[in-house]
Amino acid sequence: MMTQDVIQHQVIWNRLISVVEEQAQALIRTAFGTSTREAGDLSAGVFLPDGRMVAQAVTGTPGHVNSMADSVLHFLDVFPIETLKPGDVLVTNDPWKGTGHLYDIVMVTPVFYHGNPIALFASTLHVVDIGGLGPGPDGRQIYHEGLFLPIMKFIHGGELDNNVLSIVKANVREPEQVEGDFFALVACNDVGARRLVSVLDEFGLADLLDAGEYILDHSRQAMLTAVREWPRGTWDAEMWIDGYGEPLLLKARLTVSHEGIDVDYTGTSGFVAKGINVVKAYTDAYTSFGIRCLIGSDVPNNSGSLGVIRVSAPEGSILNAPYPAAVTSRHIIGQMLPDVVFGCLRQARPGDVPAEGSSCLWNIQLSGGHVLPGYDAQSFLSQPRFSITSFSTGGTGARPHLDGLSTTSFPSGVRNVSLEILESISPVVFWRKEYRTDSGGAGQQRGGLGQIIEVSHGQNAPMALGAAWDRIDFPARGAEGGSAGAPGRVRLSTGEILSGKGQQIIPPGAHLIVETPGGGGLGVPAERAITRIERDVKNALISASSALHDYSLKNNE
């Protein structure tokens, strides 16, 4: 290929990244739900007419983007590209053909140029409510978890299908917010489509095919090159997690070869009759993300590079749950998978891989203003109805040569929602949000700290907690001599200990106190520099007693 062509493809690639990032920012600016506009829980990308993802926005989460990479293929199975026309917009929240649970709305818009289909734009966001039992893993089947939208047309040739919108609004507790989020998805795809057309005009291109093939081929080759820099071999790792009622085993075998990386989850526990199951697309998403954190992190994330990583999980396992399994809280287990992958890769390159972290989000999901068990139904008539999610996190595992990150969303990457925002849209009051001293696992590199969050109903009314947390019974393990992080804990100000999973009632006047888990330490604690220990004590990240007992500070003096 001539140098001039290479330069043009590079410029087009940069433009595509700008296009999809503008698409994502349009979604953030127009979305109604705090999950999108405040936390960035979304994805956006551009696809070739055959459904292969060419470019994704930097803004977004791995669970959305990497699973949406396959989602567009399902849309095309139902609506082949030649059957679509300008002004069509498709939608679904099918967990098995979307991004993993009913709360995620996926919208796909075909783009036409001089009458020919040249691309598709897809975007995803998490709506505040989708009906059913509400947030939390209490459903036993998908039918309990809310409104299920199969792949369908939301807009026909520019004409909105009001029947679809009416059904959605009639089935959710926050119809205005959900309606606003649906239209935000439509708008952001439209922004992407208009910008892509301007790119084709600028470069005098009839379509995106040649540039797309170039990008995908070079991304694949770059990813293969990165893989081939690692030792070849096969390594096994396993991790026990809390589960819902009984522990569950995640087991992986990872093979690095000349042709890529294969991950096999044979031996993992079977799916359960609770909403913590994971669909295969979400398993693929966080497995590949875990690998990409260490291998090929600078390679564009698209169908070309993703194809180098192949994931298998037995159908019927909790990582490949069949329809109609309950999946609302699939993030609990899915977001543990990078740690499982790290356990394999650490054996290939000791010293180059982080320790385990809290990993799955510790979102505080609260709702009120509706009838709750054990309370007079009449008492709820005058109460404000609300449903909020406070995106909360624990600590990440210690990193090679660096401490873990405290209260950081890894691997999801979502941002925390401002407490002032949450208090402005609900009667919830946040009394405390602070680092949890001694929660990071001891090590030459210390694990990241969790946090303590204290909340209550500002009007002394009861409210429902949809708990969906892990790392209570099985905290994040340290590595290479490091200690485990502190386990999570949930309690009331009255002293009652709450469960990490399932809907529970916060009684009037009681405060909910959430202590999120810490990340594991890396390396032998006694080898940590004295100056760093003293600094941690000064900043109340560790206590004086921890410095003495966990780090043997006196022995280092």
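Is aspartate 438 buried, exposed or partly exposed? I began my notes with this residue, working from a predicted model. Aspartate 438 has a relative accessible area of 31%. Buried means under 20% and exposed means over 50%, so aspartate 438 counts as partly exposed.

**Entry 1: positive phi**

I looked up where aspartate 438 sits, and found it in the loop between β14 (428–435) and β15 (451–457). Its phi is positive, about 70°, although aspartate 438 is not a glycine. I noted a further case at threonine 407, which is not a glycine either and has a positive phi of about 40°. Threonine 407 belongs to the loop between β13 and α11. I wrote these residues down because most residues other than glycine have a negative phi.

**Entry 2: cis peptide bonds**

I stayed with the loop between β13 (386–390) and α11 (419–424), where proline 411 is also found. The peptide bond joining phenylalanine 410 and proline 411 is cis, and its omega is about 15°. I then turned to proline 324, in the loop between β11 (309–312) and α9 (331–334). The bond from tyrosine 323 to proline 324 is cis as well, with omega near 5°. I kept a record of these bonds because most peptide bonds are trans.

**Entry 3: strand β3**

Which strands pair with β3? I found three bridges from β3 to strand β6 (residues 152–156), and the two strands run antiparallel. Strand β4 (residues 104–113) also pairs with β3 in the antiparallel sense, over three bridges. I followed leucine 90 across to its partners. In β6 the bridge partner of leucine 90 is lysine 153, and in β4 leucine 90 stands opposite valine 108.

I next checked which way the residues of β3 (residues 89–92) point. Val89 and Val91 point one way, while Leu90 and Thr92 point the other way. All of them are buried.

**Entry 4: the whole chain**

I finished with the chain as a whole. Its secondary structure comes to 14 helices and 19 strands. The radius of gyration is 24 Å, close to the 24 Å from the globule rule for 557 residues, so the chain is as compact as a globular protein of that length. The C-alpha atoms fill a box of roughly 75 × 65 × 40 Å along the principal axes.

Of the 557 residues, 59% count as buried. The chain exposes about 20700 Å², and carbon and sulfur atoms supply 51% of that area. Among contacts with a separation of 6 or more, 74% come from residues 24 or more positions apart.

Methods: Residues numbered from 1 in each chain as written. Predicted model: local features only at pLDDT ≥ 70, side-chain atom pairs only at ≥ 80, totals over all residues. Heavy atoms only, no water. Buried < 20%, exposed > 50% of the residue type's maximum accessible area, 1.4 Å probe, protein only. Helix = DSSP H or I, 4+ residues; strand = E, 2+ residues; numbered from the N terminus. Pairing = 2+ DSSP bridges. Rg over C-alpha atoms; globule rule 2.2 N^0.38 Å. Contact = heavy atoms within 4.5 Å. Areas by Shrake-Rupley, 256 points an atom, 1.4 Å probe, with all protein chains shown as cover.
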